[in-house]
Amino acid sequence: MKNAFFFFVNFLLCLMICQVVYSQKVLQAVRTDAAFEIDGHLDESAWDNAIDASQFTTWQPNPGLSPNKDATIKFLYDDEALYIGAFMEEVGPDSVMQEITQRDRVGNTDWFGVLIDPYESGNNAFEFITMATNTQFDAKIVENQGEDTDWDAVWFSGTQILENGWSLEMKIPYSAIRFPKKEEQIWKINFIKYQARTAEKSVWNEIDPLGTFFLTQSGIVEGINNIKPPLRLSISPYLSVYAQNNYDRLTSPKSSTGYSYNGGLDVKYGINDAFTLDMTLIPDFGQVQSDDNIVNLSPFEVRFTENRPFFTEGVEIFNKGDLFYSRRVGGTPLRMYEVEDQLAENEEIVDNPRETQLYNASKISGRTKSGLGVGVFNAVAGETNAIIENNETGDTRRFRTSPLTNYNVFVLDQNLKNNSTISLVNASTVRTGSQFYDANVTTGMFDLRDKKQRVSVSGNLAVSQIFNEGMSPELGYRYEFGIDKLLGNFNYGLWHETKTNDFNPNDLGFNTRTNLHEYGAWASYSLVNEFWKYFNRANFWFNYNHVFLNEPRVHQGTYINLGFWTQTKSQWNFNGWFNVIPKDDDYFEPRMEGYFEDVPLNYNGGVWVGTDNRKKFRLSGTLVAFNVAQKGWNGQGVYLTPRYRFNNKLTSSLSMEYHQINNDKGWVGFGDKDEILYGTRDRLIIVNVLNTEYTISDKMGLTFRLRHYWTKVLYEGFMELNKQGKFNDTVYEGDHDFNFDQFNIDLNYRWRFAPGSDLFINWKNNIAGGYLSPNQELLELSYFNGLEGLRNLPQENSISARLVYYLDYQQVSQYAKRIN
């Protein structure tokens with residue numbers, strides 16, 4: 001095994017000998033003293049003084065060609081902002097696609113964007129996009145993390161549809177970006193335009209899709225002299241009001257209504273030219289989208305999407321090392337599920353909060369001139385208590401489910417030559433009270449690349465510690481190592497990872513599997529030019545993963561994955577995959593150390609098809625099938641999403657999922673003598689999600705989301721798992737059949753009435769419940785019976801309004817000067 005490993009490493013290095021040279025255009029910026037009306041008309045005389053830049057090159061779908069229509073760019077600056085003017089050629093006004101969407105959402109529309117990398121790092125940039133409808137899109141781009149679209153800056157734009165194309169003006173205040181404090185600025189920059197009718201994306205400085213990260217292939221803007229980073233200070237106070245109604249036809253009274261209001265403040269302060277402090281005081285996240293809850297029968301925790309804006313915006317540096325799962329902050333109380341075990345006779349739970357109260361959160365992030373990125377995150381969550389009542393005396397008592405808790409993340413991330421990096425991350429959780437434990441995780445990592453960025457050698461080492469008062473710390477570790485070829489059509493790599501049984505980053509991170517010792521290899525082949533007459537792009541891949549337990553070092557499983565993705569010239573997309581597990585010893589499903597389930601050969605595969613997204617009607621769908629040899633376990637899944645664009649303002653889609661699994665064997669519980677009980681079950685899952693968006697203008701719109709999740713589980717028999725991974729007969733005859741419904745509505749109105757200032761009006765409806773039932777009843781229960789039964793379940797309705805007003809120091813000071 002070792003000889004084969006080193007042979008493959010040497011073979012990989014020998015193949016990485018190609019030379020890579022990228023051309024780099026230079027754009028000369030011109031200073032101006034003119035005043036601009038940002039309306040999309042390039043009629044100010046100052047634009048005549050700008051140096052034109054044009055000759056775009058296609059990037060997608062066919063790279064390296066002259067675009068269908070070219071664009072001309074003009075770049076000006078003054079002491080306050082950057083000014084970008086652009087004209088995009090077209091056949092006529094009807095050829096400019098103009099679907100209106102809300103901010104940060106891209107529809108079927110033409111658009112123009114700029115990527116600015118003021119520190120010339122090649123792996124971080126600010127992105128500003130203006131659509132032909134004048135909808136704005138902005139993001140931070142970080143290598144290996146993609147676009148952070150939750151980052152929002154305040155900037156200005158205007159567009160005009162003309163007889164021979166469309167034009168735009170953009171004003172980007174210096175307060176919206178970060179740049180070094182020096183006399184002459186030299187920035188990496190690139191411009192991108194998208195022509196929707198041909199799905200053609202072209203760039204000012206050519207990008208090789210088979211080359212290095214696209215930010216390293218940017219051009220240069222020079223001639224920006226004697227500008228100073230401004231004082232970056234803004235505050236966004238908010239006020240929100242709520243009316244909530246709870247209804248349960250089985251209780252008395254059936255209905256109860258409550259009212260509340262909240263107020264708080266978001267602060268953004270530029271500590272210096274490179275570092276920014278973001279802080280939220282008494283945050284309110286009551287209007288974020290409802291979670292997509294499911295019934296989880298696996299031994300692993302479900303990872304939910306983060307929807308709270310403060311925890312999604314500008315957190316790219318904190319994602320280093322994979323130690324920060326922000327849903328832990330202000331999340332489920334540590335001992336919420338222990339309350340029932342605390343009940344004495346004649347006691348019941350009156351209140352058991354499902355979330356902790358977040359008092360405040362702050363983050364400091366930035367990068368120095370030398371490329372050192374620093375991030376500090378801190379948050380404080382309040383104490384949470386469950387209320388328990390004695391039914392006979394009426395007395396109540398508290399059970400503390402979570403103490404006052406401090407969360408902290410500290411990151412150092414040093415950029416090196418050739419887009420290499422070396423980083424250190426520490427995440428800690430400190431709780432008050434001797435009955436609660438503290439936790440700490442530290443990881444160091446590196447990603448080193450050769451001069452041409454053809455080879456990457458990466459790795460990390462993480463150590464976790466759990467501190468209980470009066471006890472020695474529980475130590476665990478994880479280490480990873482990988483080597484990858486990065487450039488060209490054919491890429492591949494090797495990797496290794498080990499996690500000890502005691503590795504536990506889950507107080508602030510997210511990890512499901514421990515006690516693993518894994519080896520893996522991957523390979524991919526990409527086509528970026530037209531081929532086989534009908535196709536313009538494709539990617540084929542192979543993954544191999546060989547897994548052992550770390551202690552004892554015994555084989556667990558071998559996993560093989562094959563797949564492809566391709567796109568036709570008519571913009572249809574096809575994706576297919578096939579997974580094979582020759583043999584799998586599952587040590588996780590039994591939930592008891594020393595036991596495993598012997599799973600024979602199993603495999604699954606699927607295909608996905610998506611029609612042309614430019615059309616009014618689009619249909620995408622997936623078909624999945626799987627089987628386990630010798631076990632009779634089989635199933636299939638069908639996923640369909642039709643989408644219809646009624647006009648440039650109204651779009652609706654319906655996602656439908658049907659998932660059936662037959663003869664599935666899974667853990668049920670423990671018997672009276674701690675024997676491990678399994679059951680053979682049939683599972684049916686049906687999910688429908690309706691999304692509708694109506695955009696009134698680029699500043700105002702409505703979004704509607706309805707989700708209904710329904711599942712039914714029927715057990716056919718039970719068995720006992722032995723230490724050989726096989727099953728013995730059992731006399732156990734428990735009733736575990738159930739069905740579960742989850743119904744959510746999120747209706748949201750947003751009006752951006754001033755730069756950075758919004759009014760939100762939101763309605764939420766939540767219905768959830770499930771029940772056990774005699775087997776015959778559930779056998780006859782269908783999806784439509786379950787849908788009808790929603791009216792019998794408890795429901796919550798909430799209507800809220802939230803007003804956020806943005807105050808920027810630069811704008812306020814300029815206004816004060818004008819009135820004086």
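Is Arg-400 buried, partly exposed or exposed, and what is the relative accessibility? In this predicted model, Arg-400 counts as partly exposed, at 22% relative accessibility.

## Arg-400 and Glu-383

The side chain of Arg-400 meets that of Glu-383 in a salt bridge, with 3.6 Å from N to O. Arg-400 belongs to strand E22 (residues 396-402), while Glu-383 sits in the loop between strand E20 (372-381) and strand E21 (384-390), so the pair ties together parts that are 17 residues apart in sequence. Glu-383 is partly exposed as well, its relative accessible area being 42%.

The model has 37 salt bridges. One of them joins the side chains of Glu-90 and Arg-197, at 3.1 Å from N to O. Glu-90 is in the loop between E5 and strand E6 (111-117), and Arg-197 is in the loop between E12 and strand E13 (200-203); the pair therefore ties together parts that are 107 residues apart in sequence. Glu-90 counts as buried because its relative accessibility is 5%, below the 20% limit for that class. Arg-197, at 30%, counts as partly exposed.

Arg-105 forms a salt bridge with Glu-693, and the closest N and O atoms are 2.5 Å apart. Arg-105 also lies in the loop between E5 and E6, whereas Glu-693 is part of strand E39 (residues 676-697), so this pair ties together parts that are 588 residues apart in sequence. Both residues count as partly exposed: Arg-105 has 35% relative accessibility and Glu-693 has 27%.

## A salt-bridge network

Lys-583, Asp-585, Asp-598 and Lys-726 are linked by salt bridges into a network. Side chains of opposite charge can pair when their charged atoms come close.

## The five-stranded sheet

Five strands form an open sheet in the order E2-E4-E5-E11-E10, and the pairing is mixed. E2 (30-31) and E10 (156-162) are the edge strands; each has a single partner strand, so one side of each is left without a neighbour in the sheet.

Within this sheet, strand E4 (residues 71-77) and strand E5 (residues 81-89) run antiparallel and are joined by seven bridges. Ile-73 stands opposite Ala-86 of E5. Strands of a sheet pair through backbone hydrogen bonds, either parallel or antiparallel.

## A positive surface patch

Lys-181, Lys-182, Lys-228 and Lys-369 gather on the surface in a patch of positive charge. Lys-181 is located in the loop between strand E11 (165-173) and strand E12 (184-195). With a relative accessible area of 57%, Lys-181 is exposed, since that class begins over 50%.

Key: Residues numbered from 1 in each chain as written. Predicted model: local features only at pLDDT ≥ 70, side-chain atom pairs only at ≥ 80, totals over all residues. Heavy atoms only, no water. Pairing = 2+ DSSP bridges. Helix = DSSP H or I, 4+ residues; strand = E, 2+ residues; numbered from the N terminus. Patch = residues over 30% accessible without salt bridge, like charges linked within 9 Å, V, L, I, M, F, W, Y side chains within 5 Å. Areas by Shrake-Rupley, 256 points an atom, 1.4 Å probe, with all protein chains shown as cover. Salt bridge = Lys/Arg side-chain N within 4 Å of Asp/Glu carboxyl O. Lys, Arg positive; Asp, Glu negative; His and termini not counted. Charge placed at Lys NZ, Arg CZ, Asp CG, Glu CD. Buried < 20%, exposed > 50% of the residue type's maximum accessible area, 1.4 Å probe, protein only.
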